[in-house]
Amino acid sequence: MNIQMVDLKRQYLKIKPEIDQAIQEVLNSTQFILGKKVTDFEKNAAEYLGVKYAIGVANGTDALQIAMMALGIGKDDEVITTPFTFVATTETIVMLGARPVYVDIDPATFNINPEKIREKITSRTKAILPVHLYGNPSEMDEILRLAKEYNLFVIEDSAQAFGAEYKNRKVCTFGDVACISFFPSKNLGCYGDGGMVVTNNEEIQQKVRMIASHGSKVRYVHEILGMNSRLDALQAAILNVKLKYIDEWNQKRNEFAKIYTEKLSSIKQVKTPETRNYVKHIFHQYTIRVENREELQKFLSTKNIPTAIHYPIPLHLQPAFRGFADEGSLPESELAAKQVLSLPMHPDLLEEEIDYITNSIKEFYS
Ligand SMILES: *Cc1c(COP(=O)(O)O)cnc(C)c1O
């Protein structure tokens with residue numbers, strides 16, 4: 001058995017003719033920067049998500065940075081967010097001279113705990129930045145209510161949640177702005193780096209476009225400070241093909257998650273992910289909590305079962321981000337970091353592989 005955390009080879013082989021043709025079209029056109037493939041994908045992605053504007057950028061990290069720049073977030077501003085996420089979420093806040101203000105997670109969802117946000121709001125707070133971790137939507141109703149009450153922006157980090165839904169509406173449509181990553185291993189991934197900023201706000205979309213293009217609307221006139229961040233035409237061509245399959249692939253992940261949960265639920269040392277009935281979780285990761293994680297991980301690796309830890313160190317304990325919150329002040333995030341284990345999850349898993357994985361976990365705990 002050749003089990004991968006994410007099997008991009010199996011996926012490519014299933015759609016190879018379409019992908020190869022899309023790439024060939026870009027090569028034939030020599031339109032490598034922007035152009036039709038990019039505008040087509042921006043249009044298709046906006047339509048799929050149900051937003052007015054989608055702007056392709058170079059990666060998900062840039063998407064976050066550009067979104068915050070467009071909202072005018074900068075020196076000494078505070079952005080309320082979660083410490084239990086990929087580094088990019090916090091990195092971009094600090095990069096702009098702003099401060100991440102961490103709110104602990106709800107242990108049931110691994111997402112920011114909305115009940116703990118209010119106590120962290122100050123006169124410097126500019127935005128709330130929830131992350132839909134593992135493809136599981138954050139509690140948007142409560143977050144939007146607080147944002148409205150205190151006049152704050154909401155920025156959705158949807159890097160792991162393309163296609164996920166909260167109360168029958170796609171994530172990315174709730175915030176003032178949402179940020180997407182097309183890193184290859186994401187649910188909708190390209191074959192290199194790629195990202196996107198989406199919004200329903202005309203003014204924000206104009207700013208985002210300008211910032212991503214050296215602060216310029218008219219060539220060689222630079223009105224504001226910008227950067228160079230574009231979605232490659234080749235990546236856009238690949239994404240146009242893959243977008244057609246995203247619902248099918250997310251559905252597969254959901255089915256596999258159900259099978260995992262059924263097979264693991266009898267093991268008392270394992271806690272399977274909770275799914276709330278009003279969200280569509282798209283299982284970017286299938287992440288369990290376990291006892292003796294390191295030993296289990298070693299045991300599984302001797303059986304050629306790859307696993308991963310998302311994430312082993314919460315961001316307030318990272319050397320690069322010391323000073324924003326004390327150790328011990330975000331106990332649920334700190335505990336989760338010690339217990340979580342992500343199992344192989346992708347749309348091309350085989351049921352026999354899931355059997356083998358779950359049986360091996362049973363064997364370890366028996
Ligand atoms: C992947 C990811 C990002 C960054 O995306 P890149 O395209 O790798 O820059 C940001 N936030 C979260 C939660 C992510 O998982």
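The shell of residues around the ligand divides into six nonpolar, eight polar and two charged members. In that count, Ala, Val, Leu, Ile, Met, Phe, Trp, Tyr, Cys and Pro are nonpolar, Asp, Glu, Lys and Arg are charged, and the others, Gly among them, are polar. Before going further, please note that this is a predicted model, in which local features need pLDDT of at least 70 and side-chain atom pairs count only at pLDDT 80 or more, while totals for chains, interfaces and linings use all residues. Residues are numbered from 1 along each chain as its sequence is written, and side-chain values use heavy atoms, with hydrogens and water left out.

**Around the ligand**

The ligand is surrounded by 16 residues, the closest being Gly 60, Thr 61, Gln 160, Ser 181 and Lys 186; a residue is near if one of its heavy atoms lies within 4 Å. Helices α3 (60-70) and α4 (88-95) each supply at least two residues of this shell, and α3 gives the most, with three. Helices (H or I, at least four residues) and strands (E, at least two) are DSSP runs, numbered from the N terminus.

Which atoms of Gly 60 lie 2.7 Å from an oxygen atom of the ligand? A backbone N or O atom of Gly 60 does. The side chain of Asp 157 places an N or O atom 2.8 Å from a nitrogen atom of the ligand, and the side chain of Gln 160 has an N or O atom 2.8 Å from a ligand oxygen. Taken alone the ligand exposes 380 Å², and the protein buries 93% of that. These areas come from the Shrake-Rupley method with a 1.4 Å probe.

**Strands**

Strand β1 (residues 53-57) is mostly covered, with five of its five residues buried; buried means under 20% relative accessible area, exposed over 50%, and partly exposed in between (1.4 Å probe, protein chains only). On one side lie Tyr 53, Ile 55 and Val 57, on the other Ala 54 and Gly 56, and all are buried. In a regular strand the side chains alternate between the two faces of the sheet. Strand β1 runs antiparallel to β9 (residues 195-199), joined by five bridges, and Val 57 has Gly 195 as its bridge partner. Two strands pair if DSSP finds at least two bridges between them.

Elsewhere, an open antiparallel sheet has three strands in the order β7-β6-β11. Strands β7 (169-170) and β11 (279-280) stand at the edges with a single partner strand each, so one side of each is left without a neighbour in the sheet. Two bridges join β6 (residues 165-166) to β7, and Tyr 166 is partnered with Arg 169 of β7.

**Salt bridges**

The count comes to 19 salt bridges, each a side-chain nitrogen of Lys or Arg within 4 Å of a carboxyl oxygen of Asp or Glu. Here are some of them.

| Pair | N to O distance |
|---|---|
| Arg 10 and Glu 353 | 2.8 Å |
| Asp 348 and Lys 14 | 2.6 Å |
| Glu 42 and Arg 209 | 3.0 Å |

Arg 10 in helix α1 (residues 8-29) and Glu 353 in helix α11 (residues 351-365) are 343 residues apart. Arg 10 is partly exposed, at 23% relative accessible area, whereas Glu 353 is buried, at 2%. Asp 348, in the loop between β13 (340-343) and α11, links to Lys 14 in helix α1, 334 residues apart. Asp 348 is buried at 5%, and Lys 14 is exposed at 59%.

Definitions and conventions:
A polar contact is a pair of N or O atoms within 3.5 Å; within protein, one must be able to donate a hydrogen and the other to accept it, and residues adjacent in sequence count only if both atoms are side-chain atoms.
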